[in-house]
Amino acid sequence: MTNLIIIFLSIVFVNNFLLSQFLGICSFLGVSNKMSSAVGMSGAVVFVMILAEAVTWPVQQILDKFGIGYLQTVVFILVIAALVQFVEMFMKKFLPSLQKALGIYLPLITTNCAILGATINAITFEYSFAQSMIYSFGAGCGYAVAMIIFAGIREEKMNDLGDAVPAAFRGVPIILVAATIMSLSFMGFTGMFQ
Amino acid sequence: MDKKSKLSILTNGIIKENPVLILLIGTCPTLATSSSLSNGLGMGVAATAVLICSNIVISALRKIIPDKVRIPCYIVLIAGFVTIVQFIVKAYAPALDKSLGVFLPLIVVNCIILGRAEAFANKNSVIDSALDGIGMGIGFTLALAAMGSIRELLGTGCLLGKTIIPNFSIGFFNLAPGGFFVYGILIAVLIAATKGKALKKTNFSCGVCPMYNSCNLAEANEEVAAEAAAVAQKGAEA
C-alpha cells in the first residue's frame with residue numbers, strides 16, 4: 001500500500017510528466033493559454049490515460065506470451081488510437097454532457113506523447129497491474145496540476161505584458177522562461193519520496 | 001502551388017522552416033534529449049531516418065490511402081519504421097538506447113513526422129518528399145545539436161565527453177529547467193537577429209499542431225471567435 005502511495009506522489013510531484021520528463025510539452029505550451037481549455041484537456045488526459053493503461057497492460061502480457069514484445073510500439077499506438085475513437089463514439093451516444101466538456105480534446109490525445117509514454121514506462125518499470133494503474137492515474141494528475149497552474153499564470157499575468165518584456169523575448173521565449181521558473185520550483189520536490 | 005526547385009525544398013527545412021526553431025514543433029524530444037550533444041545527435045539521426053522513410057512511403061502511397069483513414073494509416077506506417085530504428089539502435093548503439101529511453105519509441109508521436117506527412121508528403125512526388133524529409137531531418141538534428149552542445153558545455157564543461165573548460169559546471173543546464181531556458185534563449189536570439197521576421201508564430205497555439213486540420217478544437221475555437229464577433233456586433237448596434 002505505501003508502495004502505491006509513493007508511486008503516486010512521486011509521479012505527481014517529483015517526476016512530473018510535463019515539468020521534469022518533458023512528456024506532452026506540445027499540449028502544455030499550446031493549450032495553456034486559456035484556463036477553460038487547460039481544465040478540459042487535463043480532464044481528457046487523465047481519463048484516456050487510465051483507460052489506455054487498463055487496456056495496454058493486458059495487451060503487453062499477451063504479446064509477451066507469444067514472444068512478440070517488440071511489436072509494443074506499433075500495437076500500443078494502434079490500441080490508443082482505436083480506444084480514443086471508441087471513447088468518442090461511446091460518449092456521443094451515452095454521455096453527451098461529458099462529450100461536450102471533453103470531446104473536442106480527445107482527437108488531440110492520440111498523438112500526445114504523455115499517453116504513449118506512460119503506457120510504455122509502466123511496462124519498462126515492470127509494474128504490476130495495480131501499480132501501473134496508480135502510475136498512470138498519478139501521471140495524469142501531475143499533468144493536470146502543472147497544466148492548470150501554468151494556465152493560471154498565463155491567463156492572469158502574461159496576456160498583456162506589453163513593454164515590460166524586451167522585444168526579442170515577447171511571445172514564445174517569455175512563455176518558455178515562465179515554464180523554466182515553474183520547472184525549477186517543481187525541482188524543490190526532488191528527493192522527497194525514495 | 002508553384003514548382004519549387006529541388007534545392008529550395010531541401011534547404012527549406014534546414015533554415016527557412018526549421019521545425020524546432022521556426023515552426024516550433026517536436027518540442028518534447030527537443031527538450032528531453034538535448035541534455036548532451038551525443039544524445040541530441042543520436043535522437044536527431046534516429047528521427048531523420050524515420051522521417052525520410054515515412055515521407056517516401058507515404059508519398060508513394062498517397063493515391064492509394066483513402067483520405068478518411070489517412071491519419072491511422074500514417075501512424076501505422078511510422079510506427080513500423082520506428083520499430084525498425086529501435087532494433088537497429090538496440091543492436092549497434094545500446095548506450096544511446098539507454099540514454100534516450102522512452103523517447104526512442106516516442107518518435108511515433110513526434111509532431112514533425114506526422115506533420116510533414118500531412119503538410120508535404122501526401123501532396124508531393126516521392127523525390128520531393130524524400131528531399132523534404134532530408135532537409136527537415138537535418139534541420140531537426142542541427143537544432144538538437146546546437147541545444148545539446150550549449151547545455152552540455154555549460155552544464156558539465158565537457159563536449160562529447162571531452163573536457164573543454166576544466167572545473168566548470170552549472171548543473172542547472174543539465175536538468176529539466178535548463179532545457180526550457182536554453183530553448184527560450186535560442187528563440188529570443190533568433191528573433192533579435194532577424195528583427196522578428198523569421199518567426200511566423202508569435203505565440204504557442206493550436207496552429208503549430210499537425211492535427212490542426214483534422215482537430216475539433218480548431219473548429220471549436222473558430223466557433224467561439226465567431227460567437228464573440230456576433231455578440232460584439234450586436235453590442236455595437238445597440
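Leu24(B) is where I start. With 26 C-beta neighbours inside 10 Å, Leu24(B) counts as buried. Leu24(B) sits in the loop between α1 (6–16) and α2 of chain B. Its phi is near 55°, a positive value in a residue other than glycine. Why mention that? Because most residues other than glycine have a negative phi. And please keep in mind that this is a predicted model.

Now chain A. Phe22(A) has a phi near 60°, again positive and again not a glycine. Phe22(A) is in the loop between α1 (2–14) and α2 of chain A. Is Phe22(A) buried or exposed? Buried, because 25 other C-beta atoms lie within 10 Å of Phe22(A).

Let's stay with chain A. Its secondary structure is nine helices and zero strands. So much for the count; on to dimensions. The C-alpha trace of chain A spans about 60 × 45 × 30 Å along its principal axes. The radius of gyration is 18 Å; a compact globule of 194 residues would be near 16 Å, so the value agrees. Of those 194 residues, 46% count as buried. Take the contacts in chain A with a separation of 6 or more: 79% of them join residues 24 or more positions apart.

One example of such sequence distance is Lys34(A). Lys34(A) lies in the loop between α2 (25–30) and α3 of chain A. Lys34(A) and Glu156(A) are 122 residues apart in sequence, yet 9.9 Å apart in space, C-alpha to C-alpha. Beyond residues up to four places away, Lys34(A) touches Ala151(A) and Glu155(A).

Next, helix α4 of chain A, residues 72–94. This helix has 23 residues and reaches 32 Å from first C-alpha to last, close to the 33 Å expected at 1.5 Å a residue. Which residues of α4(A) are buried? Gln72(A), Thr73(A), Phe76(A), Ile77(A), Ile80(A), Val84(A) and Val87(A). What covers them? The cover includes α3 (35–65), α6 (106–110) and α7 (113–124) of chain A, together with α4 of chain B.

The largest nonpolar core has 113 residues. Those with the most contacts inside it are Leu116(A), Val50(B), Ile78(B) and Val108(B). Look at Leu116(A). Setting aside residues up to four places away in sequence, Leu116(A) touches Phe76(A), Ile77(A) and Ile80(A), and also Leu106(B), Val108(B) and Val109(B). As a general point, nonpolar side chains in soluble globular proteins tend to be buried together.

Now the contact between the chains. It takes 46 residues from chain B and 43 residues from chain A. On the chain B side, the elements giving two or more residues are α2 (27–32), α4 (70–92), α6 (111–121), α8 (176–194) and α9 (216–237). Which element gives the largest share? α8(B), with 11 residues. By class, this side of chain B has 34 nonpolar, 11 polar and one charged residues.

Chain B itself, then. Chain B has nine helices and two strands. From the N terminus on, its elements run α-α-α-α-α-α-α-β-β-α-α. Buried residues make up 44% of its 238 residues. For contacts in chain B with a separation of 6 or more, 72% come from residues 24 or more positions apart.

Thr156(B) is buried, because 20 other C-beta atoms lie within 10 Å and the cut-off is 20 or more. Thr156(B) and Phe173(B) are 17 residues apart in sequence and 8.5 Å apart in space, C-alpha to C-alpha. Leaving out neighbours within four places, Thr156(B) is in contact with Ser169(B) and Asn174(B).

Finally, confidence. The predictor gives the complex an ipTM of 0.87 and a pTM of 0.86. Chain B averages a pLDDT of 83, and 80% of the residues score at least 70. Where in chain B is confidence lowest, and where highest? Lowest in α9(B), at a mean of 61; highest in helix α3, residues 37–60, at 93. Recall that α9(B) is one of the elements on the side that touches chain A.

Methods:
Residues are numbered from 1 along each chain as its sequence is written. Chains are lettered from A and ligands numbered from 1 in the order in which they are written. Two residues are in contact if their C-beta atoms, placed from the backbone, lie within 7 Å. Helices (H or I, at least four residues) and strands (E, at least two) are DSSP runs, numbered from the N terminus. Ala, Val, Leu, Ile, Met, Phe, Trp, Tyr, Cys and Pro count as nonpolar, Asp, Glu, Lys and Arg as charged, and the others, Gly among them, as polar. A nonpolar core is a set of buried Ala, Val, Leu, Ile, Met, Phe, Trp, Tyr and Cys residues joined through C-beta atoms within 7 Å. A residue is buried if 20 or more other C-beta atoms lie within 10 Å of its own, exposed if 12 or fewer, and partly exposed in between; C-beta atoms are placed from the backbone. The expected span of a helix is 1.5 Å times one less than its number of residues. pLDDT is the predictor's confidence in each residue, from 0 to 100. The radius of gyration is taken over C-alpha atoms; the globule rule is 2.2 Å times the number of residues to the power 0.38.
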